[in-house]
Amino acid sequence: MKPVYDRFLSSRINYIEQSPIRDAVAKIAAKSKTTKVISFAAGEPDPDVIPRELYGELAKEVFIKEKGSVNYSPADGLSELKIEIAKFMAEYEGVKTGPDNIVVTLGGSQAIDILGRLILDPGDIVIVENPSYVNTILVWKHYGVRIIGVPMDDNGMITEKLEDVVKRLHSEGKKLKLIYTIPTGQNPSGVTMSMDRRKHLLEIASRYDLLVAEDAAYNHLVYEPVDVKPLRSMDTEDRVIYIGSFSKIFGTGLRIGWLEAHPEIIGRVRVAKGPMDMCPPVPSQYIVLNLLRNKLYRPIREKAVAEYKSKRDIMIAAIEKHLMGLKHTRPVAGMFILLWLPGGIDGRVFSDQLLEKYNVAVIPAAAFYTDESGRNIVRLNFSMSEKDLIEEGVRRISMLLKEFKTSIP
Ligand code: PMP
């Protein structure tokens with residue numbers, strides 16, 4: 001007799017939700033099998049910008065020369081790689097740190113998950129930007145936490161509102177521990193937090209004794225000279241836990257990220273991580289180690305930045321030409337633009353029809369919001385899109401908008 005599986009599931013199952021963008025992604029994948037789709041849906045670097053041939057050569061060398069490449073590494077990563085990451089933090093982030101402050105993880109994703117496991121209890125509250133990165137919200141919900149979103153504007157999380165929320169929760173005696181922010185090139189908004197706001201956020205964390213998780217996934221995809229520093233580099237009290245990732249520059253498939261924080265936190269992460277995964281993927285660790293040692297981060301990043309900047313410019317110009325008057329974000333960093341649809345059009349309905357009728361894929365942004373405020377917004381990615389199809393994709397968005405009989409203001 002087949003068991004009734006529900007009886008065996010843990011009570012945690014109540015906290016495990018399907019990603020709300022899964023449906024959209026599945027529809028896009030199905031349609032792409034038979035039709036040429038102009039996709040603004042992805043959230044990844046362009047594989048044609050990444051030097052894959054060089055990776056091939058490095059991989060060959062790694063497998064032939066490093067016996068250890070087919071064995072486990074220490075759970076917290078190869079010690080040589082941690083040394084290189086510490087140098088990276090000094091050179092690119094202005095953070096003086098050492099291997100004892102670093103754990104190499106399976107992308108930023110595992111870093112985020114472990115942090116939740118280590119810090120968050122059921123009933124705890126985490127503050128995020130509204131909107132925020134959907135997988136962080138989903139995975140921290142596994143731990144039974146409540147997520148509260150603080151609105152953003154063009155300068156990032158509105159820290160005056162953050163202060164109001166923190167004050168209120170504090171006076172109510174609520175269990176608030178952590179503020180999670182993606183300060184540069186935020187996913188999904190593309191917005192970068194100003195220096196004043198960064199300072200204010202750290203002041204609030206200090207005043208109310210909170211930790212800050214800084215998700216630095218897009219810190220180095222910056223297209224304009226902006227005067228911002230990583231929160232971790234401004235952190236005099238060791239309140240910031242830095243979530244690093246090489247995904248957006250070296251490629252998401254390598255799965256190499258890291259956590260950098262005070263050794264007391266990192267020591268706990270190390271203990272927790274061993275039995276979870278044995279170690280991050282070792283061939284990838286060696287490849288990243290080689291890339292860093294050979295000083296290839298800068299040229300690979302420079303190529304990516306030049307390419308994505310030109311794609312961003314084409315997309316913004318197309319939005320301004322074909323969707324004149326529509327509200328949208330203007331990213332100086334990252335890979336996304338948010339676009340507000342006029343007349344209360346539902347982003348989900350719009351995205352479905354856009355794919356169905358016009359073969360253009362965008363992601364409805366409602367899933368990224370912690371409340372109902374994102375229903376008429378869609379997210380457009382520019383890093384992965386094909387340059388010569390960007391304008392056409394945006395033109396088709398304008399055609400569907402006309403069918404909705406809305407006038408673009
Ligand atoms: N943080 C943010 C804000 C992201 O957008 C992503 C990837 N979409 C990640 C973390 C995780 O990426 P990875 O696990 O590949 O490092």
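Which residue in β9 does I102 stand opposite? I102 stands opposite E260. The structure discussed here is a predicted model.

| Strand | Residues | Sense of pairing with β9 | Bridges |
|---|---|---|---|
| β2 | 102-106 | antiparallel | 5 bridges |
| β8 | 240-245 | antiparallel | 4 bridges |

**The ligand shell**

The ligand is surrounded by 13 residues, and the closest are G107, G108, S109, S245 and S247. Helix α4, which runs over residues 107-119, supplies the largest share of this shell, with 3 residues. By class, the shell is made up of 9 polar, 3 nonpolar and 1 charged residues.

**Domains and their contact**

The domain assignment gives two parts: domain 1 is formed by 5-50 + 299-403, and domain 2 by 66-297. The C-alpha centres of domain 1 and domain 2 are 24 Å apart. Their contact involves 36 residues from domain 1 and 35 residues from domain 2. On the domain 1 side of this contact, the elements giving two or more residues are α11 (297-322) and β10 (336-340). Of these, α11 gives the most, with 8 residues. The side of domain 1 that touches domain 2 has 22 nonpolar, 8 charged and 6 polar residues.

**The protein as a whole**

The protein contains 13 helices and 13 strands. Its C-alpha trace spans about 65 × 60 × 60 Å along the principal axes. Why does the radius of gyration agree with that of a compact globule? The protein has 409 residues, and a compact globule of that length would have a radius of gyration near 22 Å; the value for the protein is 22 Å, so the two agree.

Of the 409 residues, 45% count as buried. Among contacts between residues at least 6 apart in sequence, 76% join residues at least 24 apart.

Technical notes. Residues are numbered from 1 along each chain as its sequence is written. This is a predicted model: local features need pLDDT of at least 70, side-chain atom pairs count only at pLDDT 80 or more; totals for chains, interfaces and linings use all residues. The radius of gyration is taken over C-alpha atoms; the globule rule is 2.2 Å times the number of residues to the power 0.38. A residue is buried if 20 or more other C-beta atoms lie within 10 Å of its own, exposed if 12 or fewer, and partly exposed in between; C-beta atoms are placed from the backbone. Two residues are in contact if their C-beta atoms, placed from the backbone, lie within 7 Å. Domain bounds come from an automatic or database domain assignment. Ala, Val, Leu, Ile, Met, Phe, Trp, Tyr, Cys and Pro count as nonpolar, Asp, Glu, Lys and Arg as charged, and the others, Gly among them, as polar. A residue is near a molecule or strand if its C-beta atom, placed from the backbone, lies within 6 Å of it. Two strands pair if DSSP finds at least two bridges between them.
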